[in-house]
Every structure is written in C-alpha cells, then in structure tokens.
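Please look over the predicted model shown here.

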Amino acid sequence: MPWSAEKILNGLAVGVMVVLLGACAPRGAVSYVDPQDAANSTKREIFWATSRDIDPQTNRVTAGRAPGLNFGRQTIAIPPAHEIGAVEWPGRQTPDPDKHFVTTSRSDFKDARSFSSAFNTALKPRSIRGQSVVVFVHGFNVNFPEGLYRLAQMAHDLDMQEQPVLFSWASGGTPLGYVYDRDSAAIARDRLVEFLRVLSDSNAREIVLVAHSMGSYLMMETLRQLAITGDKKLLGQIDGVFLLAPDIDVTLFRAQTAAIGTLPQPFVIYTSSKDQALGLSARITGQSARLGSLQDLSLIEDLPVSIIDGSNLEDGDSLRHGTAFTSPTMLNLVTSLPVVGEFIQEDRNDLLELLPGQFTRLQRATGIVLRPN
C-alpha cells in the first residue's frame with residue numbers, strides 16, 4: 001500500500017525526534033581520579049549489579065548482554081560546583097573534580113556471596129533508615145556510566161539516607177536501539193529477580209524500587225514474576241514503588257497489576273503530557289499516550305496508585321523525559337513522596353499542604369496536577 005502524505009509526515013516527525021534524542025554528545029563515560037584530588041567533593045558510594053557484559057581486556061561495562069549478573073561498587077565524587085538536577089560531565093575536557101562528576105574507586109565482586117558480604121558490612125554502621133536500600137533501574141538509551149552517575153546525582157540532591165543501589169540492564173545506549181533495548185529489558189527480568197533476592201537475603205531492612213522510562217516496564221514485569229512465583233517474603237520487604245515517566249502500554253500495565261495482585265504501597269507514577277520521548281514511543285506503538293504521559297485518571301481509577309502530573313513544571317531537561325530527577329522543583333517534591341504515600345493510605349484531606357497542585361480522587365486512584373514552578 002502506498003504511503004499517504006500523513007504517514008510520510010509522521011515518519012519525518014519520528015526522524016526529527018530521533019535526532020533530538022541522540023543530540024546529547026559526547027555520551028557519559030566514567031572518569032577515574034585519585035581520591036586525594038577529589039578532597040573537596042561529596043562522595044556517594046553506589047553498589048551495583050548489571051546484566052551487561054564486562055570487557056575482560058578493559059574492565060569496561062559494555063552494552064552486551066551477559067549470561068548472568070556482574071556485581072560491583074563505585075565511589076562517585078560530586079563536585080562542589082554541582083547544580084541540583086544536573087550531572088556535570090567532563091565531556092571533552094580534562095576531568096576536574098571541582099567541576100565534574102568523577103569516580104574515585106571501583107571494586108568488582110566475583111559473585112553474589114562476595115557482593116552480599118561487602119554490602120552487609122557497608123550497611124552495618126548506618127542508621128536504621130540507612131539500612132534500607134533504594135534500587136534504581138534506568139531507562140532506554142542509557143549506558144552504564146550514565147545510569148551510575150544519575151543515581152549518584154539523585155542520592156546527593158535528595159540527601160538520600162538509604163543506601164543507593166543500581167541495577168543496570170543492557171541498554172544499547174543509542175537512540176536508534178529501541179527494539180534492542182526492549183528485548184534487553186525483557187531478557188533482564190530473571191536477572192533483576194535474582195538481584196532483588198540477593199538484597200532480600202542481605203541485612204537490608206526495606207527495599208524501595210525506583211524505575212525510569214523503559215526500566216519501569218522491566219520493574220513491573222519483575223514484580224509480576226515475583227507474584228506469580230509466590231515470593232511473599234521479598235514482596236513484603238518492598239516499601240514503595242516509584243515509576244518515573246514509565247514507557248508502558250496502559251493496557252499492559254493493567255494486566256501486570258492484575259497478576260501482581262496487592263500492589264506495594266506507596267505506588268507512585270510520575271507523568272507528563274509534555275514528555276517528548278514518550279510522545280515518540282506512543283507514535284511508534286500507534287497509541288495516543290503511554291502510562292508516563294497519561295492524563296485520564298479514569299483509565300486506572302480502580303488501582304491503588306498515586307499519579308503525580310508534572311506537565312506544568314518548566315524546569316528540567318529539554319525533552320521533559322527526565323523531569324522527575326532533573327527538575328529542581330520536582331526533586332524537592334520527590335523528597336516528600338514517602339510521606340505523601342502515608343497520607344494517601346490514611347485518606348487524609350490535607351495532602352495539598354504537602355504538594356502544591358490540584359488534587360483528585362477517583363475510586364482507589366489519586367491524582368495530583370502540580371502547579372507551575
């Protein structure tokens with residue numbers, strides 16, 4: 001069938017968006033410096049597990065899919081000149097710890113047992129809250145350093161007391177790799193289940209799950225798998241789920257929640273109708289919206305979820321896809337999300353005292369449209 005003018009225009013629009021998505025050059029890369037050179041920086045220790053391959057010659061974490069999990073720990077130095085919401089990459093400049101995110105140390109673990117030993121040792125001297133963990137799963141078109149440094153940025157900007165942990169799946173790190181990334185996310189389901197069980201068997205008190213974009217699809221599939229296999233111990237340790245700009249079909253999300261059954265609480269979804277990346281994803285899939293750009297709360301009103309609509313926020317990244325962790329306004333609000341979850345569960349009416357915006361409740365779902373910053 002010949003292409004219509006509309007299809008041609010849509011194809012051109014998609015092409016323009018792909019160019020925009022790939023315009024962030026050069027890509028993120030780990031820069032190592034001597035710890036003494038980063039004496040003025042703030043340090044964040046990130047434990048990680050990945051379903052990516054590690055190049056045996058360079059020890060670099062690649063975009064290849066590993067047959068199992070690789071484990072490690074890195075200390076990230078955040079520069080004193082850091083601006084909230086940003087990751088200051090050296091780019092083509094010489095890495096400067098006073099200006100850029102850098103790495104001061106890395107330890108690799110040969111297996112889950114050695115990872116758990118180091119992880120438990122790190123948790124032991126921490127406060128009760130610090131003995132909980134926040135697991136971050138990155139999204140589409142993200143390489144390993146970008147996910148690693150992004151989590152360090154969030155942990156720093158949110159003054160996170162919990163131990164930050166990264167799960168990095170084998171995204172190709174290219175805007176043209178949507179199908180590769182989608183397949184990699186599906187392949188990583190067993191690996192994320194395996195890693196969460198490692199954390200469940202550690203000395204961690206609770207596990208908070210945070211996922212962005214396509215990583216939200218991986219997170220939901222993992223929760224579904226845990227529910228189907230009856231892993232009540234692990235599901236009982238989950239102390240909240242936060243899906244940021246989730247790249248998920250709404251009907252698929254409903255099917256996933258039906259299989260999971262009782263959703264962990266709080267269960268928060270960050271959305272924006274101005275998310276250009278999700279607009280492209282919706283167009284590719286022939287839909288009007290993805291879960292992360294959903295505006296019609298009635299489509300999920302029977303689910304015990306909370307929707308934070310950041311369409312009105314004007315700061316953050318230019319594509320509005322990472323606003324939840326690049327917007328200084330949103331970062332300040334995210335800090336209070338666990339408290340918001342408690343208010344929602346208690347059916348309190350003074351939620352607007354915590355979040356500036358329009359509050360709506362439909363059956364079991366809660367919606368908050370944030371006011372412009």
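Of the contacts (heavy atoms within 4.5 Å) in the protein between residues at least 6 apart in sequence, 74% join residues at least 24 apart. The model is predicted, so that local features need pLDDT of at least 70 and side-chain atom pairs count only at pLDDT 80 or more, while totals for chains, interfaces and linings use all residues. Residues are numbered from 1 along each chain as its sequence is written, and side-chain values use heavy atoms, with hydrogens and water left out.

The protein has twelve helices and eleven strands; these are DSSP runs numbered from the N terminus, helices being H or I with at least four residues and strands E with at least two. Of its 373 residues, 54% count as buried, a term for under 20% relative accessible area, with exposed meaning over 50% and partly exposed in between (1.4 Å probe, protein chains only). The accessible surface is about 16,400 Å², and carbon and sulfur atoms account for 52% of it; the area comes from the Shrake-Rupley method with a 1.4 Å probe.

Aspartate 157 gives an example of a contact across the sequence. This residue lies in helix 3 (residues 144-157) and is buried, at 14% relative accessible area. Glycine 85 is 72 residues away from aspartate 157 in sequence, yet their C-alpha atoms are 7.1 Å apart. Beyond its neighbours within four places in sequence, aspartate 157 contacts His82, Ile84, Gly85 and Leu331.

Two packed helices are described by the angle between their axes and the distance between the axes. Here axes are lines fitted to C-alpha atoms over the stretch in contact, and angles run from 0 to 180 degrees between N-to-C directions. Helix 4 (residues 178-187) packs on helix 6 (residues 214-228) at about 25 degrees, with the axes 9 Å apart. Helix 4 is therefore roughly parallel to helix 6; angles under 35 degrees count as roughly parallel, over 145 as roughly antiparallel, 65 to 115 as roughly perpendicular and the rest as oblique. On the helix 4 side, Tyr178, Asp181, Arg182, Ala185 and Ala186 meet Met214, Tyr217 and Leu218 of helix 6.

Helix 6 also packs against helix 5 (residues 189-200), where the axes come within 9 Å and cross at roughly 65 degrees. This makes helix 5 roughly perpendicular to helix 6. Among the residues in this contact are Leu192, Val193 and Leu196 of helix 5, and Tyr217, Leu218 and Leu226 of helix 6.
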